[in-house]
Amino acid sequence: MKLDSGQQRTLASLVFFAVVLFAGAAALMQVEELPFADALYFSLVTMSTVGYGDVVPYTPAGRILASVMILTGVGSFMNLIAATSDHLLSRREQRERMEKLNMVIGVFFSEAGTRLLRMCARMDTNLPQARERLPKDGEWLDRRFAGRAKLFSAHGFQVAVDTEGLGAIKTFLNEKSPLLVRLLENPNLLEHEAFTDLLWAVLHIKEELEFRFDLDAAGEADLAHLRGDLERAYRLLARQWLDYMRHLCANYPYLFKVAAHRNPFRESAPV
């Protein structure tokens, strides 16, 4: 697992602190002839600036060693505390940003994404296979979810386009254009590259469909181009929807029940 910059700094501070702590304890065992437990205890209270005074160096070499530990160890201890605090605050801020972003994603699927995904799914050339690969009830928070999600992501997401279906998508995206633009203006999207790519893919389809005023007159090359754009958006939509559904299942079970009822891959549209 790749560590972020905050985790790397905390780990480096912890390693340096541990090296100074145990190196000082080992040196005290030799210089002051202390047992390991007492030497480690003395190193810890010195580096943490506690200094109870119950264990003190008696030899000149021990005092020099204690001075070196104060100069190096106290700094490493403070650096460890600062790095840990910064990392915890950063994690908290990141969770808050992701929560806001999940709210934005929820608005997207509630207002446009779920219906658009249903329209794409109706064009899927192998929709029964997509339904079969979806996580079953009770698997959204189960260990089997990862396998199901991987299997679902490997689905071909191939569509058979027709002018009627494309016309319906064109009308729908024109209606939702203000919403899509406002979502892209949200600064929280910088934290979620996949969702940003999804919005751009959907807006690209909208532009391509608007460029072709008369879809009935579209040739085979135009339809093939539109099919490629639609399949890319369909694939991104489905994967983002899967992540969003798992988020709802883990944090908002009541919303998950509604979203599951509106499953865009179900055989019939929900009542």
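A residue counts as buried when its relative accessible area is under 20%, as exposed when over 50% and as partly exposed in between (1.4 Å probe, protein chains only). Welcome to a predicted model, in which local features need pLDDT of at least 70, side-chain atom pairs count only at pLDDT 80 or more, and totals for chains, interfaces and linings use all residues. Residues are numbered from 1 along each chain as its sequence is written, and side-chain values use heavy atoms, leaving out hydrogens and water.

**Helix H8**
- Helices are DSSP runs (H or I, at least four residues), numbered from the N terminus.
- The buried residues of H8 include Phe 195, Leu 199 and Lys 206.
- They pack against helices H3 (60–122), H6 (163–175), H7 (177–184) and H9 (220–251).

**H3 with H6**
- The axes, lines fitted to C-alpha atoms over the stretch in contact, with angles from 0 to 180 degrees between N-to-C directions, come within 11 Å and cross at roughly 175°.
- H3 and H6 are therefore roughly antiparallel, a term for angles over 145 degrees.

**Aromatic pairs**
- Rings of Phe, Tyr and Trp (its six-membered ring) pair if their centres lie within 6.5 Å; planes under 30 degrees apart are stacked, over 60 edge-to-face and the rest tilted.
- The whole structure holds 12 aromatic pairs.
- Phe 108 and Phe 195 have ring centres 5.4 Å apart and planes at 75°, so this pair is edge-to-face.
- Phe 108 lies in H3 and Phe 195 in H8, 87 residues apart.
- Phe 108 is buried at 1% relative accessible area, and Phe 195 is buried at 0%.

Terms used: Helix = DSSP H or I, 4+ residues; strand = E, 2+ residues; numbered from the N terminus. Contact = heavy atoms within 4.5 Å. Parallel < 35°, antiparallel > 145°, perpendicular 65-115°, else oblique.
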